[in-house]
Amino acid sequence: MEKRIIVIPEQEYECYYLGESWKVIRKGITREVVLVSFYGVPFYIIFENIETVVTQLKTEIQTNNILLSNMFPIQLILEELIEHQRNYWLDLCVDFIVEMDVLNQEMVKALLKTKNNKAFTQPVRHKIRRVILTNGYEY
């Protein structure tokens, strides 16, 4: 069941949901991302194109009445960004999580790992703190 979910024409970028994996095409190069041996870098561009992608993903999850977390590996991407201390991408990922309104306890648990970690910039840590507290979780 191959279904195109995300298209960013100006980036020559498309994502196809395959059930247990994703096929990501960027500028003619195809990469399959299997969720059990996860590698999230092909998805990072999504966070730079929030306006386009959020609309497409919201349409998909509302049309098919599914949770984003059941089809899109946001939790795995978040954990990878934190583990590899990717400030820029984590900042954009937090914006994506807020726009998609998908913050949950597992994400908060992952985000709390940045709390006292100086590898993350102060603006990123403050944004994370604000998002966690604004959504009623303990920081």
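This is a predicted model: local features need pLDDT of at least 70, side-chain atom pairs count only at pLDDT 80 or more; totals for chains, interfaces and linings use all residues.

Trainee: In what order do the strands of the open sheet lie, and how do they pair?

Mentor: Strands (E, at least two residues) and helices (H or I, at least four residues) are DSSP runs numbered from the N terminus. Two strands pair if DSSP finds at least two bridges between them. Here, four strands form an open sheet in the order β1-β2-β3-β4, and the pairing is antiparallel. At the edges stand β1 (3-8) and β4, each of which pairs on one side only. From one strand to the next, the twist averages 20°.

Trainee: How many bridges join β1 to β2?

Mentor: The antiparallel strands β1 and β2 are joined by five bridges. Within this pairing, I6 stands opposite C15 in β2. The two strands form a hairpin with four residues between them, and E12 in the turn has a positive phi of about 50°.

Trainee: How should I read the angle between helix α4 and helix α6?

Mentor: Axes are lines fitted to C-alpha atoms, for helices over the stretch in contact, and angles run from 0 to 180 degrees between N-to-C directions. Angles under 35 degrees count as roughly parallel, over 145 as roughly antiparallel, 65 to 115 as roughly perpendicular and the rest as oblique. In this model, α4 (residues 87-100) packs against α6 (residues 122-134) at an angle of about 20°, with the axes 10 Å apart. Therefore α4 is roughly parallel to α6.

Trainee: What are the angles of α3 and α2 to α4?

Mentor: The axes of α3 (residues 74-83) and α4 cross at roughly 150° and come within 9 Å. Therefore α3 is roughly antiparallel to α4. For α2 (residues 50-63) and α4, the axes come within 10 Å and cross at roughly 40°, so α2 is oblique to α4.

Trainee: Which residues line the largest pocket?

Mentor: Rolling a probe the size of a water molecule over the atoms shows where empty space is left. On a 1 Å grid over the protein atoms alone, a pocket is an open set of points where a 1.4 Å probe fits, with protein on both sides within 12 Å along at least five of seven lines; lining residues have an atom within 4 Å of a point. The largest pocket is lined by Y13, V24, R26, I29, R31, V41, P42, Y44, I45, E48 and W89. At least two lining residues come from each of β3 (21-26), β4 (29-34) and α1 (45-48).

Conventions. Residues are numbered from 1 along each chain as its sequence is written. Side-chain values use heavy atoms; hydrogens and water are left out.
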